[in-house]
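Please read them beside the sequence and the coordinates.

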Amino acid sequence: MSMKLAVSFYHYFLPHESNNFKARVLQPFFLIVILSFVISLQIILRLLPASGVKILGYAAYISPEEIVRLTNEERVKHGLEALKMNTVLSQAALAKGTDMLNKDYWAHTAPDGTEPWKFFLDFGYRYRFAGENLARDFSNPADVVSAWMASPTHKENILSDKYQEIGVAVVEGDMGGVDTTLVVQLFGTKLSEAPRIAPIAAAKGEEKSLSTPLVVEEPETQVSYQAPIEVVRVSPFNISKIISLGLTLFLVTLLVVDFVVVARQKVRRVGGRVFAHLAFLGMILAILIIAKEGNIL
C-alpha cells in the first residue's frame, strides 16, 4: 500500500518516468482544474449571501478603535499630533455607512446628491475643516490603513494638520446582493465663533466653500457610539485568500522542484513544456488577482 502511494506521489507531484518527467499537477489539464476550483469558490462565496445564506465575517475583524489607533500611529510617525476620537463624528460615520447600504451606492456623494458633509451637520458637528476616507471588504484594520496610506489623496487626509478630531464606523450589510463591510473614516475640526464656515477639505484634497452660513445647535447631550459587537465569524475573504495563496505557494514549490530535478537529471522533454509553463504562470497571475482584497474611495 505504501509503495502504491509513493508511486502515485511521484506521478502527480514530481518529475518521473511514469509522467514523462513532468509532474501531472503541472500539466495543462490539472492547472485548468485548479483554476476552475478557485474561480468556482469565489462565485459560491458571492452567491451565498444573495441566496439567503449569511456568511458574515469582515466587521468582526475590524474595530473602529484600532483604525483610530493605526491612523494616529501614522500621524505620530510624521511628526503630527494624534487626533482625538469624537463620538459625534463616529455617529455621523455610522450614518454615512448605513446610508450607503440603504441606498446601495459606493461613493462619497449619494445618487440623490447628498454630500458627506451633510452627515457632520445632521449630528450637530459644526466644522471648519472636514474630510472623509472610505474602504470596503478588508479583513483587518491594518490593511485598511495601509491601503489609505498608499493612496496620495487618502494619505493627505490622514496626515493633514488641519484636522483635530476623528470618528470611525464599521458597518456590514447587503450591497448589490453581496455581503459587504464598509469602513467610514471622518476627520474634522470644529468651527469657532466665526460668522461663516471656512473652506472644507474634501476627500480628494479639494477645497470647497459653503456659500451661506449654516448654524446647527450642538446637541445638549453627547451621542454615545457603540462599536459593533465582536463575535466569532467566518470571513469569506480569509477563506478564499488562504486557499488561493496556499495553492500558489504549493504550485510555485512544485515548479521549482520540477526545474531542479530536470536540470540535475539532464532530462530533455519532447513537447508541451512551453504551453504548460505559460498556463502555469497565467494561473498564478489569476490567483493573485483573485486573492486581492478590498478597495478604497
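1. Val 252 is partly exposed, at a relative accessible area of 37%; here buried means under 20% relative accessible area, exposed over 50%, and partly exposed in between (1.4 Å probe, protein chains only). Val 252 lies in helix H8 (residues 236-265). Together with Val 256 and Val 260, Val 252 forms a nonpolar patch on the surface, with about 210 Å² of accessible area for the three together. Patches consist of residues with over 30% relative accessible area and no salt bridge, with like charges joined within 9 Å and nonpolar side chains (Val, Leu, Ile, Met, Phe, Trp, Tyr) within 5 Å.

2. On provenance: this is a predicted model, in which local features need pLDDT of at least 70 and side-chain atom pairs count only at pLDDT 80 or more, while totals for chains, interfaces and linings use all residues. Residues are numbered from 1 along each chain as its sequence is written, and side-chain values use heavy atoms, with hydrogens and water left out.

3. The protein has 9 helices and 7 strands; these are DSSP runs numbered from the N terminus (helices H or I, at least four residues; strands E, at least two). Of its 297 residues, 44% are buried. Among contacts (heavy atoms within 4.5 Å) between residues at least 6 apart in sequence, 75% join residues at least 24 apart.

4. Which residues touch the most other members of the largest nonpolar core? They are Met 100, Phe 120, Tyr 125, Tyr 127, Leu 182, Val 184 and Leu 186, out of 22 residues. A nonpolar core is a set of buried Ala, Val, Leu, Ile, Met, Phe, Trp, Tyr and Cys residues joined through side-chain atoms within 4.5 Å. At least two residues each come from helix H4 (87-103), helix H5 (117-122), strand S2 (127-136), strand S3 (165-175) and strand S4 (178-190). H4 gives the most, with 6 residues. A second, separate core has 21 residues, among them Leu 70, Val 145, Leu 159 and Val 183.

5. Leaving aside residues up to four places away in sequence, Phe 120 touches Leu 89, Ala 92, Tyr 125, Tyr 127, Ala 130, Gly 131, Leu 186 and Phe 187.

6. S2 is largely enclosed by the rest of the structure, because 9 of its 10 residues are buried. S2 pairs with S4 in the antiparallel sense over 9 bridges, and Asn 133 stands opposite Gln 185 in S4. S2 also pairs antiparallel with strand S7 (residues 295-296) over 2 bridges; there Arg 136 has Asn 295 as its bridge partner. Pairing requires that DSSP find at least two bridges between the strands.

7. There are 8 salt bridges, each defined as a side-chain nitrogen of Lys or Arg within 4 Å of a carboxyl oxygen of Asp or Glu. In Arg 69–Glu 73, the closest N and O atoms are 3.1 Å apart. These two are 4 residues apart in helix H3 (residues 64-77), so about one helical turn separates them. Glu 66, Arg 69 and Glu 73 are linked in a network of salt bridges.

8. Lys 118 and Asp 122 form a salt bridge at 2.7 Å between the closest N and O atoms. They too are 4 residues apart, in helix H5, and so about one helical turn apart. For Lys 103 and Asp 112 the corresponding distance is 2.9 Å; Lys 103 is partly exposed at 36% relative accessibility, whereas Asp 112 is exposed at 52%.

Notes. Accessible areas come from the Shrake-Rupley method with a 1.4 Å probe; for residues, only the protein chains shown count as cover.
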